[in-house]
Amino acid sequence: MSTGSQDPSDRPLAGPSRPAVAALARPAALVELTSATCERLLAPATPRLARVHRQQIDRDGWPDFAAFDPHRYDPGLRRDAARHWARRAVAEHGSVHQFSALTHALCEARVGLELLGPLARLITDEVRHAELCARMALAIDPEGPGASPGAFAWPVPVAPWPDAPPAAERERLLAWSAGVILVACCLGETLSRPFYDALALVCTDPTAEAVLRQIQRDEHLHAAFGWDALALLLPALDAGGRASLQDTLRRAFGGFETTTACGLTIDQVAGTSIDLERGPPNLGTLEEHHYAVIFFATIEQEVFPALAALGLDPAAAWATRPRPA
Ligand SMILES: [Fe+2]
Ligand SMILES: [Fe+2]
């Protein structure tokens, strides 16, 4: 154990005495947390926790949000982009919620630590993404969340799957975990990656681009985690577990199409291509057509082959997916 550091953040968090714990129990900042917007994501904790937090999330050089020049952009453009960034912050926070639930389940299933270590990294990454997106939203919004709290709402995260089965049912727990990894990582993170690639290409602002590139780098690892972890868990699934996973895939295809393709069908974008390059002022947004083309192309070119390599049947799942209303 190291004893030489003078950095308070290296010391045990609870401190040596009961009075110290009591003093930390209700920091003043926590009492003030009344805002229901994503501004609250950035609420301070204590100086010591803030230092640990920064050490965890500030890996690549923190973007200079103060350098954002609001005069370069029309207020309407800033407001629209800020709402996109606020929704991203909420989605990234949802990933913290999902990956921590997965960690809990995999702990109870007693998988090896080499699976838990990368997953712990994913959780930290998603905390960083949530902060990056929330700070970006607040830096560029011309009015602040008080003017339109609905656009900056920070709702309770809800996982798009049922709760994990009990720890005593290890096979079901592993099957549940495989389904979560399939949806959140193999599909969610693999789709997220090309979106961030595209956003970084069209973005014309250096602060927004720095944020996008930090997230973009992590999403590559997150997708890779998903494919490796799913390959690791699949042999533990019985026939029922694999059938359930195939059904999860079918429903997830429909769910992602509804939320990501912006109402456009594969027939509407078939044969079209998108030419992504820097043009008019852009603070990190894509057009709906771009989302749809990237979604369908990534499903076909990346997701289908990777799923087939694992022995799943993506074509059958796609053909029977629930269709957007
Ligand atoms: Fe993320
Ligand atoms: Fe991610």
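Colleague: What elements does the protein chain have, helices or strands?

Modeller: Eleven helices and zero strands. Bear in mind that this is a predicted model. From the N terminus on, the order reads α-α-α-α-α-α-α-α-α-α-α.

Colleague: How do you know that the span of helix H4 agrees with its number of residues?

Modeller: Helix H4 takes in residues 75-108, which is 34 residues. At 1.5 Å a residue they should span 50 Å, and the end C-alpha atoms are 50 Å apart, so the two values agree.

Colleague: What makes H4 roughly antiparallel to H5?

Modeller: H4 packs against helix H5, residues 113-140, at an angle of about 160°, and their axes are 8 Å apart. Angles over 145 degrees count as roughly antiparallel, so H4 is roughly antiparallel to H5. The crossing of the two is left-handed. In their contact, 23 residues are nonpolar, five are polar and four are charged.

Colleague: Where does Arg 110 lie?

Modeller: In the loop between H4 and H5.

Colleague: Why is Arg 110 called exposed?

Modeller: Arg 110 has 9 other C-beta atoms within 10 Å. A residue counts as exposed with 12 or fewer, so Arg 110 is exposed.

Colleague: And what is its phi?

Modeller: The phi of Arg 110 is positive, about 55°, although Arg 110 is not a glycine. Most residues other than glycine have a negative phi.

Colleague: How much of the protein chain do buried residues make up?

Modeller: Buried residues make up 35% of its 325 residues. Of the contacts in the protein chain with a separation of 6 or more, 82% come from residues 24 or more positions apart.

Methods: Residues are numbered from 1 along each chain as its sequence is written. Chains are lettered from A and ligands numbered from 1 in the order in which they are written. This is a predicted model: local features need pLDDT of at least 70, side-chain atom pairs count only at pLDDT 80 or more; totals for chains, interfaces and linings use all residues. Helices (H or I, at least four residues) and strands (E, at least two) are DSSP runs, numbered from the N terminus. The expected span of a helix is 1.5 Å times one less than its number of residues. Axes are lines fitted to C-alpha atoms, for helices over the stretch in contact, and angles run from 0 to 180 degrees between N-to-C directions. Angles under 35 degrees count as roughly parallel, over 145 as roughly antiparallel, 65 to 115 as roughly perpendicular and the rest as oblique. A crossing is left-handed if the near helix is turned anticlockwise from the far one by less than a right angle, and right-handed if clockwise. Ala, Val, Leu, Ile, Met, Phe, Trp, Tyr, Cys and Pro count as nonpolar, Asp, Glu, Lys and Arg as charged, and the others, Gly among them, as polar. A residue is buried if 20 or more other C-beta atoms lie within 10 Å of its own, exposed if 12 or fewer, and partly exposed in between; C-beta atoms are placed from the backbone. Two residues are in contact if their C-beta atoms, placed from the backbone, lie within 7 Å.
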